Amino acid sequence: MKIAIIGVGTVGSAVATAVKNTGFVHEIVLFDRDGVRARAAADDLGHAVCFGFDVKITAASNYRGIRGSDIVIIAAGANQKPGETRMDLLKNNANVMSDIIPRVMANVDAKTVKIIILSNPLDVMVMLAHKLSRLPTSRVIGTGTMLDSARLRTILSRHLSVSTHSINAYVLGEHGDSSVVDWTSVAVGALKLDDFCRQMKISLPQTTRNTITHRVRNSAYEIIRGRGATWDGIGAATADLLRCIINDEHRILTVSCVDGAGTDAVAMSLPRVVGANGAVATLRPKLSPGESAELRRSARIIRKNFDSI
């Protein structure tokens, strides 16, 4: 399995490290327009191979170097800065994506390649990459709200004193400010959240749930304020998505793919079955009327921003 990572900044480098540590790939190509940076990143990560899985790490500043890649991960573009929203990056990163996708497609096998999008605003970039690549919707995948859902599970884990692995909880819609916490479907073990709280004598009132929703939506801003960027979480999420594809696991992940057709088409995160052929099925979770309205609003925001470019 050969993987290409486009853009070797903070996020791209973190993704490369996380992917290497899965042990599921035999070659990683680090592509960057800055050849010096690409070579330096490849050398540094290549030295780390001695302490883990045997993976070939190469550098490229010409798109011919990504030929033979089974999966292309796009992490290029401007990163979110303190005080910026993901949508502030829209015009700049749309131009970056418009340059990258045709060059990628000229050097990969369109019949099999899968493209994973990390660049923000993520859902709009998924829509743009899908349009430019002309690949099936199942093979243009954004990490979507995988990280948002992980943040939700982590916060709930601390409130409920139970492992994150025992919590099923999803954030849906935009990977951004209009994301929707699906409180209706949250389950702990085999129990609905309210049943679990009742049996464990835990109080989780609506005010606390509102606070948790706020924390989930604003986690990235807090991290960026404190350390300048987020990278560990998205690196781990991308490696998990990659593992799911490579192993054909058919796990349910909240990834972002284009859904619908024509002017109704929009990319946003919903629970999707992910395997070797990409996101092969979409699930429609039970939502409260309020959550349904929020999800429709989130879709309208994403579509409006896509139309603006």
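## Helix H4 and its neighbours

Mentor: Helix H4 and helix H9 cross in a right-handed way. Keep in mind that this is a predicted model.

Trainee: Which residues make the contact between H4 and H9?

Mentor: On the H4 side, Asp123, Val124, Met127, Leu128 and Lys131. H9 brings Ile302, Arg303, Asn305 and Phe306.

Trainee: How many of those are nonpolar, polar and charged?

Mentor: The contact of H4 with H9 has 5 nonpolar, 1 polar and 3 charged residues.

Trainee: At what angle do H4 and H9 pack?

Mentor: About 55 degrees, with the axes 9 Å apart. H4 therefore counts as oblique to H9. H4 covers residues 122-133, and H9 covers residues 289-307.

Trainee: New topic. What about H3 and H4, at what angle do they pack?

Mentor: H3 is residues 90-105. It packs with H4 at about 30 degrees, and the axes are 9 Å apart. That crossing is right-handed.

Trainee: Is Asn120 buried or exposed?

Mentor: Buried. Its relative accessibility is 16%, so Asn120 falls under the 20% cut-off.

Trainee: What lies 3.4 Å from a polar side-chain atom of Asn120?

Mentor: The backbone nitrogen of Leu122.

Conventions:
Residues are numbered from 1 along each chain as its sequence is written. This is a predicted model: local features need pLDDT of at least 70, side-chain atom pairs count only at pLDDT 80 or more; totals for chains, interfaces and linings use all residues. Side-chain values use heavy atoms; hydrogens and water are left out. Axes are lines fitted to C-alpha atoms, for helices over the stretch in contact, and angles run from 0 to 180 degrees between N-to-C directions. Helices (H or I, at least four residues) and strands (E, at least two) are DSSP runs, numbered from the N terminus. Angles under 35 degrees count as roughly parallel, over 145 as roughly antiparallel, 65 to 115 as roughly perpendicular and the rest as oblique. A crossing is left-handed if the near helix is turned anticlockwise from the far one by less than a right angle, and right-handed if clockwise. Contact means heavy atoms within 4.5 Å. Ala, Val, Leu, Ile, Met, Phe, Trp, Tyr, Cys and Pro count as nonpolar, Asp, Glu, Lys and Arg as charged, and the others, Gly among them, as polar. Buried means under 20% relative accessible area, exposed over 50%, partly exposed in between (1.4 Å probe, protein chains only). A polar contact is a pair of N or O atoms within 3.5 Å; within protein, one must be able to donate a hydrogen and the other to accept it, and residues adjacent in sequence count only if both atoms are side-chain atoms.
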